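User: I would like to learn how to read a few local features from a set of coordinates. Could we work through one example together?

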Amino acid sequence: MGAFTPMSALLFVLTGAGLVYYFRTEKQRLEEEREKEKQLKSYGRPHVGGPFSLTTHDGKPFTENDLLGKWSLVYFGFTNCPDICPAELDKITAVLEKIQKEHGDIFLPVFISVDPARDTPSRIAQYLEDFHPSFVGLVGSYPDTKSVCKAYRVYFSTPPNADPKGDYLVDHSIFIYLMDPSGKFVDAFGQIVTPEDMQARIDEAIGEWQKETGKKV
C-alpha cells in the first residue's frame, strides 16, 4: 500500500467535497420538484395542456386533438439525456405494461422533445425503440417547442440558436403528465414518484372517470 502523500490527501478532500456538493444539490432539486408537484395539485386542476402542432417520429402531423379518446402520459425530454429521461421513460413503460393487463389498450404514451435542434423524427424513432412500443415521439420547430412547453408549464433551457452538432445538455422540468380522454390534465408525477405509486394514482383516476362517464375512455 502506497504512502498517503499530501497530493493524495488533497485529492481525497476534493473528492469528498465534490460528493457533498452533489448530494446537497440533488437534495435541493428533489425538494423543489416535490414542492412544484404539490403546487400543481393544491388548487384543483390547474390549466395544463392546450393547442399545439408537432410532428411524430414517423413524420406525421400531430396536434392536441390526437390525444383525445385515450388516456395519455406526456413526458418532455431529449434523446441525448444521459440518465434521467431514460429512467422516466422506463418508469412509464413499466407502469403501462401493468395497466394494459388490467384495463386494456386505453393509454397513449407521448415523448415531446425539448431539443429540436438535434432531435430529428428519425433520431427520436430510434431512441424510442428501447421503450414501450406504443410511444409516440413528437418534435417541432423552436417556436412550436416553446409553445407546447408553455402550455404544459414545462421549463427548458435549449437556446433558439443551438448548434445541431453541439455537445450540450438541456435542463428541463421532470414531470410525467396524466391527461384524461377528453384532453384535460389529471395528475403530474415527479421523478421521486415510484412506479407503484404512479400506477395506484392512475388506477384511482380511471376509477373516478368511470364513475363520472360510465366508461374507461
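User: Is D187 buried or exposed?

Analyst: A note on the source before the reading: this is a predicted model. Burial is read from relative accessible area, and buried means under 20%. D187 has a relative accessible area of 6%, so D187 is buried.

User: Which side chain does D187 meet in a salt bridge?

Analyst: A salt bridge is read from the distance between a side-chain nitrogen of Lys or Arg and a carboxyl oxygen of Asp or Glu, with a cut-off of 4 Å. The side chain of D187 meets that of R201, at 3.0 Å from N to O. This pair links distant parts of the chain: D187 belongs to strand β7 (residues 185-190), R201 to helix α5 (residues 195-213), and they are 14 residues apart.

User: How many salt bridges does the structure hold?

Analyst: There are 4 salt bridges in the structure. One of them joins E88 to K91, with the closest N and O atoms 3.3 Å apart. Here both partners sit in helix α2 (residues 84-103), 3 residues apart, which is about one turn of the helix. E88 and K91 are both buried. Another salt bridge brings together the side chains of D115 and R118, at 2.6 Å from N to O. D115 and R118 are both buried.

User: Which residues does N80 touch, leaving out those up to four places away in sequence?

Analyst: Contacts are read from heavy atoms, with a cut-off of 4.5 Å. N80 touches D115, R118, R123 and L169. With R123, N80 makes a polar contact from side chain to side chain, at 3.0 Å.

User: What is the phi of R153?

Analyst: For R153, phi is near 60°, a positive value in a residue other than glycine. R153 is found in the loop between α4 (142-151) and β6 (175-179). R153 counts as partly exposed because its relative accessibility is 44%.

Methods
Residues numbered from 1 in each chain as written. Predicted model: local features only at pLDDT ≥ 70, side-chain atom pairs only at ≥ 80, totals over all residues. Heavy atoms only, no water. Helix = DSSP H or I, 4+ residues; strand = E, 2+ residues; numbered from the N terminus. Buried < 20%, exposed > 50% of the residue type's maximum accessible area, 1.4 Å probe, protein only. Polar contact = N/O pair within 3.5 Å; in protein donor to acceptor, adjacent residues only side chain to side chain.
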